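Q: I'm new to this one. Could you walk me through how to read it?

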Amino acid sequence: MNQSPEAAELEYQPPPPEADEDIQHSLFGEILDWMLAPLLLLWPMSIAITYLVAKSIANQPFDHALEDSVTVLAQQVRSVDGKVIKSLSGSARDILRADDIDNVYFQIQGPRGEHIDGDRDMPQPVLDDEDKTSSGGVRFRNDNMHGTPVRIAFAYVQLERSDGSTPQLALVQVAETLEKRAQLANAIIKGVILPQFIVLPIVLALVWFALARGLSPLAQLQERIRARSSEDLSPIASNQVPEEISPLVRSLNEMLARLSLNIDMQKRFIADAAHQMRTPLAGMRMQSELALRQTDKGEIHRSLEQLAKSSEAATRLVNQLLALARAENQPQSGSAMQPLDLGDLARTVVQDWVQASFAHRIDLGFEAPPAPLSITGNPTMLRELLSNLIDNAMRYTPAGGSVTVRVRSDELEHAYLEVEDTGPGIATAERERVFERFYRILGNTAEGSGLGLAIVREIAQQHGAEVDIFNNPRATQPKLPGALFRLTFPLPPAPPEENEEPPHYG
């Protein structure tokens, strides 16, 4: 069925824009950007500064020439009987105006502003009487004449009077257009800028080559890692990489060491699990084949009973393997951990084992703390931990004995979970090894796979708790010293009381 364009637009959802965190950045590009961006920014600034410096340099020789012209012209002005006269011949005037590129103008004015000689339309300096006499010598200014920018040198000449009164001031000015200055400034700029156009590409090429050369060890390290086989977890030689990459290589070697340890543990776990599973499965197969060959109902019934026991042992082993795997992969933070009452959790688990204690003819007891004990933990994992401790105690306690679960605390901000029994106990030399996977004490006749206490230690480590084994201090029979398993949990800091006043500092 055909869809309208409007419907197609409604159904199509454009892909979301890629977040900045997901964009892969190039180290080569980052370094190149940080090196070239300031260079390309400073280059126009250097051109502008070079232009200003070139204009200043170009002005100096021509200003000196204008100053000489004003000085020579001022020497030709004098006062005779109160009148300003000049002794400037026609040839001298021609020499003053002689210039193939620029136009040169001059002007001589008397003390009252009367025109003595030169160009009448030259602009006048804007100075008061005090400024005219305060600074002697030749001065310069920029102005316009006939719509063209000019550079003007001017000076006030003092004309002595015969009667000894205050000298009069005559103005002498020489102006010149700026063509030669512009040509010299452009020549200077070309002499400086043109080599930069040649040097800049060479600099860029050298920077590119230097970066590629400097980052080549990363590519070599990548090739060495890529050439490794998937089973090669040996450390990378850190002495073959630059000093800046050494921390990265050391961190990678530490990760490889942890990964190698985890893989070895997984391989050993799989091998042990396969070995442990082989026994009950072989027993189940043998019992089933034996039952098929029997004709006597009694023998068939006994074979089926053995088959049921073997299947029960296999089921328990599989469940413990799954529990151990779940405990090893349990996250240590986040939503898995939550506040809980250790006394309530222990009471619930003990209630679940009451019927099993009746079947084993064992007195199962529980001692609750006088007040709630709140810890942070995973309820499911802690139930699994306590269930394994109770199951272990009931398997090794003979009929008629007792198993007690106790929850208490002390003044050192610790909570204790204890499981004590009246069984044969655990020798001091064996107490560390019983937490290993599939380890069973020699001469032990109780059924089990050797995984229960390994699960207990793994869950305890996940919760930051310590596991200790002692003899039962309440045991009454010397041949049955019993065992006491104690887990020590850190208590969270108590919240401040609402009525507690904050401390005063003064």
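Q: Let's begin with the overall makeup: how many helices and strands does the chain have?
A: This is a predicted model, and its chain has 12 helices and 14 strands. Of the 506 residues, 32% are buried.

Q: What share of the contacts with a separation of 6 or more joins residues 24 or more positions apart?
A: That share is 65% in this chain.

Q: What is the mean pLDDT of the chain?
A: The mean is 78, and 78% of the residues reach 70 or more.

Q: Where does UniProt place the feature "transmembrane region"?
A: The unreviewed UniProt entry puts it at residues 34-54 and 187-211. In the model, residues 34-54 are 100% helix and 0% strand, with end C-alpha atoms 30 Å apart. Residues 187-211 are also 100% helix and 0% strand, and their end C-alpha atoms lie 36 Å apart.

Q: Which residues form a nonpolar patch on the surface?
A: Look for Leu194, Phe197, Ile198, Val199, Ile202 and Leu206; together they have about 610 Å² of accessible area. One of them, Val199, sits in helix H5, which covers residues 179-214.

Technical notes. Residues are numbered from 1 along each chain as its sequence is written. This is a predicted model: local features need pLDDT of at least 70, side-chain atom pairs count only at pLDDT 80 or more; totals for chains, interfaces and linings use all residues. Side-chain values use heavy atoms; hydrogens and water are left out. UniProt positions are given in the numbering used here, feature names are shortened, and annotations may be inferred rather than shown by experiment. Helices (H or I, at least four residues) and strands (E, at least two) are DSSP runs, numbered from the N terminus. Patches are made of residues with over 30% relative accessible area and no salt bridge: like charges are joined within 9 Å, nonpolar side chains (Val, Leu, Ile, Met, Phe, Trp, Tyr) within 5 Å. Accessible areas come from the Shrake-Rupley method with a 1.4 Å probe; for residues, only the protein chains shown count as cover. A salt bridge is a side-chain nitrogen of Lys or Arg within 4 Å of a carboxyl oxygen of Asp or Glu. pLDDT is the predictor's confidence in each residue, from 0 to 100. Buried means under 20% relative accessible area, exposed over 50%, partly exposed in between (1.4 Å probe, protein chains only). Contact means heavy atoms within 4.5 Å.
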